[in-house]
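Here are a few notes to read next to the model. They cover helix packing and a pocket.

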Amino acid sequence: MEEVQLEVSYGRTSNESAIEIDASHMDTRELNSLLRDLMLSGYERAVLRNVCGQRYIGTRLYSPQRRVMTIEIHGTPGNDLGAFLFGHRIVVHGNAQDGVGNTMASGEIVVEGRSGDVTGMSMRGGRIFVKGDVGYRSALHMKEHDQKRPVIVVGGTSQDFLGEYMAGGVVILLGLYGAHTASFIGSGMHGGVIYIRGEIGEEQVNSHVLISRPDDADTEILGSQISAFIERFPDLSLDVDCILDSEWTKLSPRSSRPYGKLYASTAPD
Amino acid sequence: MRSLVLPEFTISRSEECDRCRACEHQCPFGAHTYDVSKDKMISDSYRCAGCQRCAVFCPKGAIEIRPAPSFYRPNASWSRERIEDIKRQAESGGVLLTGCGSDKPFRIYWDHMLLNASQVTNPSIDPLREPMELRTFLGSKPDRLSLRSDTDTATDPFLMVETPVLFSAMSYGAISYNAFQALAIAASRSGTFFNTGEGGMPSEMKSQFKKHAIVQVASGRFGIDAEYLNCAAAVEIKIGQGAKPGIGGHLPGEKVSQHVAATRMIPEGTDAISPAPHHDIYSIEDLEMLISAIKEVTNYEKPVIVKVAAVHNISAIASGIVRAGADILAIDGVRGGTGAAPKVIRDNVGIPIELAISSVDRRLRDEGIRERCSIIAGGGIRCSADVVKAIALGADAVYIGTAALIAMGCTLCQRCHTGRCSWGICTQDPGLMRRLNVDDASRRLVNLLSAWSHEIKEMLGGMGINAIESLRGNRDQLRGIGLHEWELDVLGIKGAGE
């Protein structure tokens, strides 16, 4: 493996293709350049220590050869963690800020704490697992095509405007820690599905949205995604059957064309 | 409900008509039909869009389409348009949609500015005999240059255009695949750029056209992934558009065909909804974040353009955008085109591009940040003289959209939003789309750019200038005619004769 000549403190771990980096005195651009160099020289795993507010971690890692790596973050990464993410895996041992997985295409982000506003905005593939809660406008304009169906699983709940303009994908709120108090859920929703465990009032949900109970097909999706969630957070000691065997609400769009009747033509029909 | 609106056009057919039914075949709106029992062509003027397709393609030249002579009682307050819009809304209850740029008689400042030429005191230059430089570099320029040979001045990424005219954003989905391809081919042949709009880039075009593509990131984030952003010469963040500042866009489900869906990465047949704002941009600081995220994902190899509509406080907005790190600022004036926009927005929101260019250029100069960002002006550029005037007012280059569509055959019938474009430009109907021959259309576009470039050189030569660089912000080459004092002030030019 090619040696990277970098004047930063890092150490080899027992795994040859893994590396540890102390990010305490690095700015955003410096840290992301380093990660890119590491990826291009063949490292598959990087452990970042003392991360404090550096943005866009994982964003610089696009390569036409589609190389992928795992990044473990200790500390608190800044906004837009994993924005435009292209197949990489990011694990945050702590909280994350706004814009996690913004417009990500593939890969996985695991947050062992809380994730901020617009989590998974315009996400079109891959999965985000958040142990705690997510902020306002999460899953905004998430979309899907063909085999690409993004998934967000949240251990807790979300703030207002969850799934606004949602056009595809799956959002699951497990409600493990308390009641769901978000309002304006699914404003402008025209695709995808939101599953919420626990009570949700009709007044919390936009009128574009159909409220129903999950059927067998839904339960299958829920089962596999919740199992994946449990796998990532073993310390929660959750049982998938126990979680499934609760009150669930399914939110889906009434129409894939919510504004179809809003317009009139200046031309004759 | 029976429509109470009068027809806009009358169709007349001369004796020459031999009932070949070409007009019936050509009209996508159903204005011509053939009555077998009477062996006669029937016209339904209510359906006529005035696109002139039938008139051009009638082998006998027998068809004439004219504005309908019928009228409501003349009334200065209640024009025909006001009356008919009310009738249409009373019939439908909907927001009136239309296509193309505003047709309202806002003052066109291009037509109130005259260019200078050299006479005696300095010689004019003959571009046929002497080199004339139109090549333009768009992007952030360094504060200072080092003249020592051992230190290279590092430059930020830039776009190089051979002529200061780029094709503005027109998405695949709004326009047909053939029209989109024609723009891409013409841009690559002419040494300029086309812009994907927010419809993504068809995957089979990525490698061939990436050197000449500007890819757009708009509020819907359609078709965007790291690969798309890296298959481009530059990335444009679209905040607004001259035809519909402040509102989003809805590509109706009917236009989301299988291939459009794959390119936008959404399911077939669903509405493609672009929210009014980017929901991760609620401030200049948030804009800075998206600009940086795009620079990160493209490894700082591509300039980032931020496109906004020209609105009242455009100069302050522009200052914020430059400070947020944009390499190029694109401004779209009130006359900018569209595939579909609410008529009331198109015709009432925004300001003319001429005033916007001048006030932005002046503000950025006053703040000492003009070199950090290039300006591309669009929305109402109709001819090479408009290009020259835009650059003299302070733009670095211009975007053309409507002019490019007209070159391909568009007649501005304003029916883009119906998806039934008879010229095969603004449609996803395979039969209509085939009407636009890609080779022919791209040749027309290349010819247009080549003709304009020659004309620009002639105008520059006449002024005694041999590089477009020397024209930029050179307001002394402009004089206003028929303008008020405040208009001359905003434009920063003297009146003719002064």
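1. A word on handedness before anything else: a crossing is left-handed if the near helix is turned anticlockwise from the far one by less than a right angle, and right-handed if clockwise. Keep in mind that this is a predicted model, where local features need pLDDT of at least 70, side-chain atom pairs count only at pLDDT 80 or more, and totals for chains, interfaces and linings use all residues. Residues are numbered from 1 along each chain as its sequence is written, chains are lettered from A in the order in which they are written, and side-chain values use heavy atoms, without hydrogens and water.

2. Take helix 9 (residues 314-323) and helix 11 (residues 353-366) of chain B, which pack at about 50° with axes 8 Å apart. Helix 9 of chain B crosses helix 11 of chain B in a right-handed sense.

3. Who touches whom there? On the helix 9 side of chain B, the contact (heavy atoms within 4.5 Å) includes Ile314(B), Ala318(B) and Val322(B); helix 11 of chain B brings in, among them, Val360(B), Arg363(B) and Leu364(B). By class, that contact has seven nonpolar, three polar and one charged residues (Ala, Val, Leu, Ile, Met, Phe, Trp, Tyr, Cys and Pro count as nonpolar, Asp, Glu, Lys and Arg as charged, the others, Gly among them, as polar).

4. Now helix 12 (residues 384-393) and helix 15 (residues 438-463) of chain B: about 50° again, with axes 9 Å apart. The crossing of helix 12 and helix 15 of chain B is right-handed. Residues in contact include Val387(B) and Val388(B) from helix 12 of chain B, and Trp452(B) and Met459(B) from helix 15 of chain B.

5. Last, the second largest pocket has a volume of about 460 Å³. Closest to its centre are Glu8(B), Phe9(B), Asp103(B), Lys343(B) and Gln414(B). Helix 3 of chain B gives the largest share of the lining, five residues. The lining divides into five nonpolar, four polar and eleven charged residues.

Notes. Axes are lines fitted to C-alpha atoms, for helices over the stretch in contact, and angles run from 0 to 180 degrees between N-to-C directions. Helices (H or I, at least four residues) and strands (E, at least two) are DSSP runs, numbered from the N terminus. On a 1 Å grid over the protein atoms alone, a cavity is a set of points where a 1.4 Å probe fits but cannot get out, and a pocket is an open set with protein on both sides within 12 Å along at least five of seven lines; lining residues have an atom within 4 Å of a point. Grid points are joined across faces, edges and corners, and a volume is the space filled by probe spheres set on the points.
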